[in-house]
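Hi there,

Here is the structure I promised to pass on to you. Have a look at it first, and then read my notes below.

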Amino acid sequence: MVASNELHVVSPEEIRQQSRAVGFDLCGIAPAGALPELAFLRDWLDRGYAGDMTYMHESANRRADVREVLPSAESVIVLGTVYNVDRPYSTEEADRSRAAIARYAWGDDYHAVIRRRMARLLEWLRKAAGEGFEALAYVDTGPVQERVYAQHAGIGWIGKNTCVINAERGSWIFLSEIICNLPLEPDAPALDQCGTCSLCLEACPTGALVEPRVLDSTRCLSYLTIELKGGIPPAQRRALSRHAYGCDICQEVCPWNLTPSTAISSDPSWLPRAGLDGPHLLDLWRRSDDELRRLLKGSAMKRAGAARLRRNLAIAIGNTGGAEAIEALESQDDATGRDPIVAEHVTWAIAEIDARKAGVRASSPELAR
C-alpha cells in the first residue's frame, strides 16, 4: 500500500499550543510570499550598510522570498523566545570598570537551546501533518528576513531601532522560524506603535541608526565588536566605551522595555554564566587565551573568539582604565604578540590612558556623527 502524501489539517491554534508546550513564548503565522518590506534589503546592501558581512550579499536572492529556499512554502511559523532576565541595564551601571556585554550573550548559546525546542515542535508537526509535510527551520542562521515575517505574523512591529517590539513583552526576544508547506491562516500583522518617539536614534553612541528602522551596521557597536574581524577603526574606538561584546543601548532606552509589564524570563538558560555576570574588564583581560576560550564555550560569544574579545577588551580598558590597566595590558605581551591586531589595539589603549593621565586626549579623531 502506497503511503499518502496528502497533508492533514493542522490549525494555527494547535501549533500555538504545542509551541508553548515545548518552551516558546510567542507564536504567529505569516504568509510565505513576496511581502513588500522584503524588497528594502537590496537598497540596504547597495548603501554599503552590511560592511564586511559578505554573506548578506551572497544570499540576497534567497533572502528576497522564503520560497527561494523552500519552493513549496505556504506559511512561515514565527516563534519568539523572551531572553530578558532580572539584571540592571548597561545604562544603569555606573561602574565603568565592568564590561558591557549584550544581554543575549549572557547565558547559554541560544542557537543550541532553541534548536532543541524547534526539533520537538517539528517532530510534532510531522506527525500531525502527515507524510507530505515539508519544512525548513532556522534559528538566526538561515537566509530569512525574520523580522519582516515576525511583523506579518503579529509577533511585533519593527521598531525604529530595527528590533521587533512586542507591545506586551518588549523587544528582548529571540526570533526563529519554520518555513513549511502547510496552508495556514495567517495572523494579522502587528501595527507600528513607535509613534513620534526617537529615543533610540538619539541614544545610539555612534549614530548607527541613520534613520528610523535603518541601521548602518558599519557604525554599530554590535557589528564592530562581533562581526568585524580586523582592526576597529581608530575613529570609532572611543565610542565603544566599555563595550566588550555587542550593545543594548537602543533597546534599553526604548519605552516598551521600561514598563512594569516588560517580560522577565524565568528560563535558567538565559541567566548569566559564571564569569559573565557583570565581569570586570581587567579580570577578563588577565585570563589566558585558553581560559577565555573555556569561558566562551557553550555561549553565543564563542562567535567572536578569544582574539576578537581581547581586541575589544583592549579598547574598553583604554577608554576606562588607569595606571593599573597599563600594567595589565603590558603584562599580556605573550598573548598580544601572537596576534598583531590585538597588539595594535593594546598600543592604542596604553596611549589613550597615558594621554588621559596627562590631561590631554590621544591623537585619534573623534567619531563623526
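In helix α5 the buried residues are Tyr 110, His 111, Val 113, Ile 114, Arg 117, Met 118, Leu 121, Leu 122, Leu 125 and Ala 129. Here, buried means under 20% relative accessible area, exposed means over 50%, and partly exposed is in between (1.4 Å probe, protein chains only). These residues cover an arc of only 165° around the axis, so they sit on the same side of α5; the arc is that of the directions from the helix axis to the C-beta atoms. The face turned away from that buried side carries the exposed residues Arg 116 and Lys 127.

Before going on, a word on the source: this is a predicted model, in which local features need pLDDT of at least 70 and side-chain atom pairs count only at pLDDT 80 or more, while totals for chains, interfaces and linings use all residues. Residues are numbered from 1 along each chain as its sequence is written, and side-chain values use heavy atoms, with hydrogens and water left out.

What do the buried residues of α5 pack against? They pack against α1, β2, β4 and β7, where contact means heavy atoms within 4.5 Å. Helices (H or I, at least four residues) and strands (E, at least two) are DSSP runs, numbered from the N terminus. Helix α5 (residues 110-129) lies across β2, β4 and β7, at about 35° to β7. For such angles, axes are lines fitted to C-alpha atoms, for helices over the stretch in contact, and the angles run from 0 to 180 degrees between N-to-C directions. After α5 comes Gly 130, with a positive phi near 95°.

Now for the sheet. It is open, with 4 strands in the order β1-β2-β7-β4 and antiparallel pairing; two strands pair if DSSP finds at least two bridges between them. β1 (26-31) and β4 (135-138) are at the edges with a single partner strand each, so one side of each has no neighbour in the sheet. Strands β2 (residues 75-82) and β7 (residues 173-180) are joined by 8 bridges, and Ile 77 stands opposite Ile 178 in β7. Helix α1 (residues 12-22) lies across β1 and β2, at about 145° to β1.

Ser 265 counts as buried because its relative accessibility is 16%. Leaving out residues up to four places away in sequence, Ser 265 touches Val 82, Tyr 83, Asn 84, Val 85 and Trp 270.

Happy exploring!
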